[in-house]
Amino acid sequence: MNKEEKIWQYLEDVSDPEIPVLSVVNLGVVRDVQVQDEEVQVTITPTYSGCPAMNTIATDIRLKLLAEGFQSVRINMQLSPAWTTDWLSEEGKIKLEEYGIAPPVEDGGDIHALFGRDTTVRCPLCKSENTKLVSQFGSTACKALYQCNECLEPFDYFKCLK
Amino acid sequence: MHNHENAPHLHEQHFNTPVQEYAPEVKQLVLDYTLQLADTSFILGHRLSEWCGHGPVLEQDMALSNIALDLIGETRSLYQYAAELEGKGRAEDDMAYLRDTVEYKNPLLVEQPNGDFGDTILRQFIFDSFHFFFLKELQNSTDHRLAAIAEKSLKESSYHIKWSSEWVIRLGDGTEESRKRIEKAIDNLWPFSGEFFMMTATEKALLEQGVIPDYSQIKQSWDAHVAKVFEEATLAVPQNVWMQSGGKEGRHTEHLGFVLTELQYLQRTYPGLEW
């Protein structure tokens, strides 16, 4: 295993501070890892531009790699191409649902259409698709608030961002 | 995030889109314009943050705070870029906390007080209807960093414009009281809706350089969207209103001074203070 591959493996241990079941790799925020002359460069991209977790993620990545013996770690911030929920790994989506957060749903609608229909989101608890949107803005920038009409569970939906 | 020499912060960030090569006069224009965009998102983001804990219901309190956060996020990318363009060792916090009212170049609309929920919704609706269509075009800017910031913020803005448009419809076509409130807000705020489309000398020069989009096209999209939402809200679009301007050139209403007094208090009182 070369150094880059090893670093990707270490990054699997760095979790999202808001959703600890996801690693930063699952989340798709790590875009690139390069090692040159003992300097590690990790390129990350923000999920949302104001996400307060990004500083923590950058710090956690740095601390993890320093702890694994790398001397010099540089974190690059990449804005374009902008993060999309398509970069959330399949494994990440399964972990999210098990954790009680409905993963983003591909609804085929255009997010730029101003008055689209609401997305059908499956309840992470009872798996019913009879759910309703409570608020497009939830507990963090990346989540909307839904409620299940069958089991009445209120739950977070990791909203689609494209 | 003050970065002191030779002491890298744990969360020091480097953007991987480098600052482009510009002739000095063009660079100054791009810098001025980047600050104008940053100031606009910053002041509106700050205004929205004043709602935190005071929203009419919990979900809308969270919506207001979420939108504030997105705008402050956009602001940070823009101030960081401005600091890099300037190249004088200033950082994003210096831009936010140590510039005075005349140096702020935001349009007058965004510094207007929150008023009631109707005022806040209408202010947001006027802004979002500009911001959304503006970012769509700014993605094609010849300035790579501004294009990247626009690409990022557009996705967030598409949620904002849905939210404020739906609320205009709900308030306009709602109860007698809600209609009265939104109509009052329209009377108060409409004179501030035109400034977005009035081009300053800086903007005209940057349009020629291909850095910024032509506002007349954005105005068409803005008009069409406003007309559609107001029709559904059973509200009348005001006609022949005198439009205020001056904010983009540093001439502000008295409100901005109060905003900055509160927001810059700590850095003015304890210069260089860090968390």
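Predicted model: local features only at pLDDT ≥ 70, side-chain atom pairs only at ≥ 80, totals over all residues.
**View 1. Chain A as a whole.** Chain A has four helices and seven strands (DSSP runs numbered from the N terminus: helices are H or I with at least four residues, strands are E with at least two). Start at the N terminus and the elements run α-α-β-β-α-β-α-β-β-β-β. The C-alpha trace of chain A spans about 55 × 30 × 25 Å along its principal axes. Of the 162 residues of chain A, 40% count as buried, meaning that 20 or more other C-beta atoms lie within 10 Å of the residue's own, with C-beta atoms placed from the backbone.

**View 2. The two domains of chain A.** The domain assignment, with bounds from an automatic or database source, gives chain A domain 1 (3-83) and domain 2 (86-158). Taken over C-alpha atoms, their centres are 26 Å apart. Twelve residues from domain 1 and twelve residues from domain 2 make the contact. On the domain 1 side, look for seven nonpolar, four polar and one charged (Ala, Val, Leu, Ile, Met, Phe, Trp, Tyr, Cys and Pro count as nonpolar, Asp, Glu, Lys and Arg as charged, and the others, Gly among them, as polar).

**View 3. Where chain A meets chain B.** Here 29 residues of chain A are in contact with 30 residues of chain B. Helix H3 (53-67), strand E3 (72-77) and strand E5 (131-135) of chain A each give two or more residues to the chain A side. That side divides into 14 nonpolar, twelve polar and three charged residues.

**View 4. Two helices of chain B.** Helix H1 (residues 24-49) and helix H7 (residues 201-208) of chain B pack at an angle of about 120°, with their axes 10 Å apart. Leu29(B), Asp32(B) and Tyr33(B) of H1(B) meet Thr202(B), Glu203(B), Ala205(B) and Leu206(B) of H7(B). The residues of this contact are four nonpolar, one polar and two charged.

Note on methods
Residues numbered from 1 in each chain as written. Chains lettered and ligands numbered in written order. Axes fitted to C-alpha atoms, helices over the stretch in contact; angles between N-to-C directions. Contact = placed C-beta atoms within 7 Å. Buried ≥ 20, exposed ≤ 12 C-beta atoms within 10 Å, placed from the backbone.
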